[in-house]
Amino acid sequence: MFDIQLRSFKDALVDPCCRHVPSFISPLHVTVTAFLCGLVSCIFATQQVVGLSLAFWALNRLLDCLDGALARHRKTASDLGGFLDLLGDFIVYSIIPIATASGYGDTSATWRAVAVLEATFHVNNFILFYVAAVAEKSQAKSAKESKELTSLMMRPALIEGLESAMIFTLMLAFPNSICTLSWTMAVLVSVGIVQRTFWVVGALAA
């Protein structure tokens, strides 16, 4: 919901760091490291090690901000880099609720909540990429000309990157609340699905 509005704030924090990254470290190296940190965070979540899980999750978020900024700073941004960045994010996002539930909430009620949440992820991802396809077909502005945070156009909705990261952080910090947090996030994602569906229908019907 606030991703685009916070873009300038994020850039002000991250962009100066790009000058201090050694030349032998590429944006792809940062992307892969961010992904690995996300996986390690999930592993620690399954082992009920909250502190280390949060620490590696924080590293994942920091590096996820840095890779794109570094690519733009070096003028090496590419569709491949954007694809790998999003792929890593989607994998980690999908695993976090499962990892947390397996470590702390191994009950049928918890797994139902996580299953519903994962289902909303699946539908939302379809909507996101269909939005991108419609935007491309409609000759929308390129990523360089817009304020999009990713290499794909993503219509604003109630829950986006910032809100998702906040809820995932709560899951890792308060794993005993995984059931409540999963239902909450599932509802918020569902609202976003409805918002974006109305946009797609309107765009296709125009």
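This is a predicted model: local features need pLDDT of at least 70, side-chain atom pairs count only at pLDDT 80 or more; totals for chains, interfaces and linings use all residues.
Of the 206 residues of the protein, 38% count as buried. The protein exposes about 11,300 Å², of which carbon and sulfur atoms supply 69%. As for how the chain meets itself, 80% of the contacts with a separation of 6 or more are accounted for by residues 24 or more positions apart.

Arg 19 lies in the loop between α1 (7–18) and α2 (27–46), and Arg 19 is exposed because its relative accessible area, 58%, is over the 50% cut-off. Although Arg 19 and His 73 are 54 residues apart in sequence, their C-alpha atoms are 8.2 Å apart in space.

The second example is Leu 63, which has its place in helix α3 (residues 50–73). With a relative accessible area of 15%, Leu 63 falls under the 20% limit and therefore counts as buried. Once its neighbours within four places in sequence are left aside, Leu 63 is in contact with Val 30, Thr 33, Ala 34 and Cys 37. For Leu 63 and Val 14, which are 49 residues apart along the chain, the separation between C-alpha atoms is 9.6 Å.

Helix α4 can be followed from its overall span to its surface. It has 26 residues, and the distance from its first C-alpha to its last is 38 Å, close to the 38 Å expected at 1.5 Å a residue. Even so, α4 bends by about 25 degrees at Ile 95, and a proline, Pro 97, follows within four residues.

Leu 87 lies in this helix, which covers residues 79–104. At 39% relative accessibility, Leu 87 counts as partly exposed, because this value lies between the 20% and 50% cut-offs. Together with Leu 80, Phe 83 and Ile 91, Leu 87 forms a nonpolar patch on the surface, and the four residues have about 370 Å² of accessible area together. What relation within a helix makes residues point the same way? An α-helix has 3.6 residues a turn, so residues three or four places apart point the same way. The patch made of Leu 80, Phe 83, Leu 87 and Ile 91 may be viewed on the structure with that spacing in mind.

Key: Residues are numbered from 1 along each chain as its sequence is written. Side-chain values use heavy atoms; hydrogens and water are left out. Patches are made of residues with over 30% relative accessible area and no salt bridge: like charges are joined within 9 Å, nonpolar side chains (Val, Leu, Ile, Met, Phe, Trp, Tyr) within 5 Å. Accessible areas come from the Shrake-Rupley method with a 1.4 Å probe; for residues, only the protein chains shown count as cover. A salt bridge is a side-chain nitrogen of Lys or Arg within 4 Å of a carboxyl oxygen of Asp or Glu. Helices (H or I, at least four residues) and strands (E, at least two) are DSSP runs, numbered from the N terminus. Buried means under 20% relative accessible area, exposed over 50%, partly exposed in between (1.4 Å probe, protein chains only). The expected span of a helix is 1.5 Å times one less than its number of residues. The bend at a residue is the angle between axes fitted to the seven residues ending there and the seven starting there. Contact means heavy atoms within 4.5 Å.
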